[in-house]
Amino acid sequence: MRDVRLLSAPFDPGAPGEELAARCPGAGAIATFVGRVRAGGGVEALELQHYAPLTLPGMEALADSALARFGLMGLVLLHRVGRLAPGEPIVCVAAAARHRRAAIEAVDYCMDHLKSAAWFWKREKRGDGWHWIEPRAEDRRDLRRWATG
Amino acid sequence: MVFLGKLADLAGTGEHVIATSERCDWPALEGHLARVGGDALVEAVRAPGVKLAINGTLLADKRDLSAGEGDEVAFLPPVSGG
């Protein structure tokens, strides 16, 4: 099963794991990653912008790629858009597989691609106003880990 | 025209409608961009990392643009990491 969604309101990051457990009874392994807005550091809010014609189709293609590459039984990709407060979940990736390594690697693969190749633009609000977050070299390097094989 | 990320700040708007009956290629587009956001917007869109999509399809080379009535051209700066 595949469940890929963009969400404009806060979500329960525990739900995808439970959904996979219910819908993929043969899965011996379910791995979940939850990314949150870091609290502290002077950030008052984070805003995620997307472009509807590209963002969700891109996430669906990523999910299909991960399902095939790791032989998953199920995959959930949830990503927030809009304005978020510190501590709120931004992203949740949950993968179900027969064995643990495929589930764990699939989550890692999806996160590396979501961070550096998905169509999101982020800006954060600090005391002196809004600042766009620029691409980071680490994210592109993370993505290259998956270029072979 | 749809401006994403910091390009919307340079354009002063997230969306801008061009009223023209002529087809729009890259040189014509630069003229429209200059009228919306001046040279700063033109330079920003020329940057190698900025991609264009027409009606939701990415262009391999943005200079191949050919848009007409009703088409939506999106200007996509590099996505944020972090």
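Modeller: One definition comes first. A polar contact is a pair of N or O atoms within 3.5 Å; within protein, one must be able to donate a hydrogen and the other to accept it, and residues adjacent in sequence count only if both atoms are side-chain atoms. This is a predicted model, so local features need pLDDT of at least 70 and side-chain atom pairs pLDDT 80 or more, while totals for chains, interfaces and linings use all residues, and side-chain values use heavy atoms, without hydrogens or water. Residues count from 1 along each chain as its sequence is written, with chains lettered from A and ligands numbered from 1 in the order written.

My part is helix α2 of chain B, residues 26-46. Helices (H or I, at least four residues) and strands (E, at least two) are DSSP runs, numbered from the N terminus. Begin at the start of α2(B). There a side-chain oxygen of B:D25 comes within 3.1 Å of the backbone nitrogen of B:A28.

Now follow the helix along. α2(B) has 21 residues, yet its end C-alpha atoms are only 10 Å apart. A straight helix would reach 30 Å at 1.5 Å a residue. That expected span is 1.5 Å times one less than the number of residues. Look next at B:G37. α2(B) bends there by about 130°. The bend is the angle between axes fitted to the seven residues ending at a residue and the seven starting there.

B:G37 is also one of the buried residues of α2(B). Buried means under 20% relative accessible area, exposed over 50%, and partly exposed in between (1.4 Å probe, protein chains only). Other buried residues of the helix include B:W26, B:L29, B:H32, B:L33, B:L41, B:V42 and B:V45. B:E30 counts as buried because its relative accessible area is 15%. Beyond its neighbours within four places in sequence, B:E30 is in contact (heavy atoms within 4.5 Å) with B:V42 and B:R46.

What do the buried residues of α2(B) pack against? In chain B they meet β1 (2-3), α1 (6-11), β2 (24-25), β3 (51-54) and β6 (73-76). Two of these strands, β3(B) and β6(B), pair in the antiparallel sense over four bridges. Strands pair if DSSP finds at least two bridges between them. B:A53 has B:A74 in β6(B) as its bridge partner. B:A53 also stands opposite B:L58 in β4(B). Strand β4(B), residues 57-58, is joined to β3(B) by two bridges, and the two run antiparallel.

β3(B) and β4(B) make a hairpin with two residues between them. B:N55 sits in that turn, with a positive phi of about 50°. Most residues other than glycine have a negative phi. B:N55 is called partly exposed because its relative accessible area is 45%.

Now for the comparison with chain A. A nonpolar core is a set of buried Ala, Val, Leu, Ile, Met, Phe, Trp, Tyr and Cys residues joined through side-chain atoms within 4.5 Å. The largest has 33 residues, and A:L72, A:L75, A:L77, A:V93 and A:L114 have the most contacts inside it. Among the elements giving two or more residues to this core are β2 (29-36), α2 (52-70) and β6 (89-97) of chain A. α3(A) gives the largest share, seven residues. Apart from this core lies another, of 20 residues, among them B:M1, B:L33, B:V42 and B:L65. B:L33 and B:V42 bring us back to α2(B), where both are buried.

β7(A) is mostly covered, with five of its seven residues buried. A:R123 lies in this strand, residues 120-126. A:R123 counts as buried because its relative accessible area is 18%. β7(A) pairs with β3(A) in the antiparallel sense over six bridges, and A:E47 stands opposite A:R123. On β8(A), residues 129-132, four bridges form and the strands again run antiparallel. There the bridge partner of A:R123 is A:W132. β7(A) and β8(A) form a hairpin with two residues between them.
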